[in-house]
Amino acid sequence: MACEIGTDLERAADIIRRGGLVGMPTETVYGLAANALDPQAVARIFEAKERPAFDPLIVHIPDVSWMPRVATEFPDLGQRLAARFWPGPLTMLLPKAAAVPDLVTSGLPEVGVRIPDHSMAITLIRTSECPVAAPSANLFGRISPTTAQHVADQLAGRVDYILDGGPCGVGVESTVVRLSPRPALLRPGGVSLEDLIKVAGALEIEASTDHPGEVAQSAPGMLPQHYAPRTPLILDPPAERVLGGRWGVLCFQRLPGEREFCAQEILSPEGSLTDAAANFFAALRRLDELGLDGIVAESFPEAGLGRALNDRLRRAAAPK
Ligand code: TXA
Ligand code: MG
C-alpha cells in the first residue's frame, strides 16, 4: 500500500493533533508518534505495530519545561543527567503524571521520558502542542527503522504520514535508566554505560544482557527475542560449525575466519563503534532481504556503544 513520505511539518503536526500516527525521525531510530495524552491515539500505536499492551511507550518532549505535563517529580539526579545528555539518546523513568494514560506505561507508575536530538522531532512536538509517545516504528519484535523508507516498508497503510528527516545519526535506540530507588540501567543504548557512570556514579545493571530471559521480568518490553530479522541469525558460531546453504555475514571491522559467505556487511572498516551503530539496522535489513538461509553475526567489543549493539544482536539471535 502506498504511504506518503515528506517534510511537511504542519501537516504532520495536524495529524498528531487529530489523533493520528506519524513516522517521526529521531537521532536514534524512527518513532511511530502519536499524542501521548490521547488514549485512543496511543491505542492506535499498539494496533499499528501489533505490539502487546504490556510493553510501555517512551514519551518525547521538546525541553525540560514540559516535564510537569508528563511527570510529577524530576529528581536532582534526573536533572543532572538531563543537563549532560539531553537532547539525546537517554530515556529516564519518572513518576507518571495523571494526564498520561495508563496504556502509555502499561499500567506502571513510572513513565519513560526523553528529549530527542533531532530538530524535526522537536518542531513536530512543539507544533503539535502535546507530548508525543513513540516506540520504534517497526512491527513488534522486528528490525528498527533508521530511514523513512524503512518505516514505509513495514508500516505502509498503518501510518498516516512519514516525516523524512534523513538517516538516523546514532542508529540504536536510547539508553533506558531507572532513577529510583537506585539508579539502574534497563536497556543499553545510544548513551554508553561509561558516560552514564560519570554522572550517575554507581549504576545497577538490570538489563543483564547475559541473561535476557531475566530482563523480560524486570523491564517489560525487554523481551529476549526482539530486533529480529526473518532470516535465522547466529552469533559467533564456532569455527567448526558447518553452515549448509547460502549464508551472509554481519561483522564489525573485517570478515571473521576462513568461511566463504555469499553476502557480507562490514559495519566500520575503521573500527568506529559510532559508525557501526549508525549502519547496524540498515545492514541487518539488507541481509534479511536477500532470502538467505542464515546470517552469521560477530559480537562487538563489550564497551561503549558495543554494549548496545551486542544487546540487539543477542535478541536478534534468540530462538523464536
Ligand atoms: O530511541 C528510542 O528510545 C526510540 C525513539 C523512537 O525514541 N524509541 C524506542 O521505543 O526505542 P520502544 O518502544 O521501541 O522501546 C521502549 C522500551 C520498552 O520496550 C521498555 O523496555 C522501555 O523502553 N520502557 C519504556 N517505558 C518504560 C516504563 N515505564 N517502565 C519500564 N520500561 C520502560
Ligand atoms: Mg523497539
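Predicted model: local features only at pLDDT ≥ 70, side-chain atom pairs only at ≥ 80, totals over all residues.
In this report helices are DSSP runs of H or I with at least four residues and strands are DSSP runs of E with at least two, both numbered from the N terminus.

Most residues other than glycine have a negative phi, and most peptide bonds are trans. Against that background, S106, which lies in the loop between α5 (102-105) and β6, has a positive phi of about 55 degrees although it is not a glycine. E50, in the loop between α2 (39-49) and β4, likewise is not a glycine and has a positive phi of about 55 degrees.

The bond joining W86 and P87 is cis, with omega about -5 degrees, and P87 belongs to the loop between α4 (76-85) and β5 (90-95). The bond from S180 to P181 is cis as well, with omega near 5 degrees, and P181 sits in the loop that runs between β9 (175-178) and β10 (184-187).

**The surroundings of ligand 1**

Which residues are the closest to ligand 1? Of the 24 residues that surround ligand 1, the closest are T28, D55, H60, E110 and S174. By class, this shell divides into 11 nonpolar, seven polar and six charged residues.

| Residue | Protein atom | Ligand 1 atom | Distance |
|---|---|---|---|
| T28 | side-chain N or O | oxygen | 2.7 Å |
| R51 | polar side-chain atom | oxygen | 2.8 Å |
| E110 | backbone N or O | nitrogen | 2.8 Å |

Taken alone, ligand 1 exposes 680 Å², and the protein buries 97% of that area. The elements that give two or more residues to the shell around ligand 1 are the strands β4 (58-60) and β6 (110-114), and β6 gives the most, with three residues.

**A cavity between the domains**

How many cavities of 30 Å³ or more does the count give? The count comes to one cavity, and the largest cavity has a volume of about 40 Å³. Its lining is made up of T175, L185, P188, G189, V191, S192, L193, G304, R307 and A308, which by class amounts to five nonpolar, four polar and one charged residues. Why does the largest cavity lie between domain 1 and domain 2? Both domain 1 (5-205) and domain 2 (233-317) give residues to the lining, so the largest cavity lies between them.

**The second largest pocket**

The second largest pocket has a volume of about 190 Å³. D236, P237, P238, A239, P256, G257, E258, R259, F261, V296, A297 and E298 line this pocket, and by class the lining has seven nonpolar, one polar and four charged residues.

Definitions and conventions:
Residues numbered from 1 in each chain as written. Chains lettered and ligands numbered in written order. Heavy atoms only, no water. 1 Å grid on protein atoms, 1.4 Å probe; cavity = no way out; pocket = protein on both sides within 12 Å on 5 of 7 lines; lining within 4 Å. Points joined across faces, edges and corners; volume = space filled by probe spheres on them. Nonpolar A, V, L, I, M, F, W, Y, C, P; charged D, E, K, R; others polar. Domains from an automatic or database assignment. Near = heavy atom within 4 Å. Polar contact = N/O pair within 3.5 Å; in protein donor to acceptor, adjacent residues only side chain to side chain. Areas by Shrake-Rupley, 256 points an atom, 1.4 Å probe, with all protein chains shown as cover.
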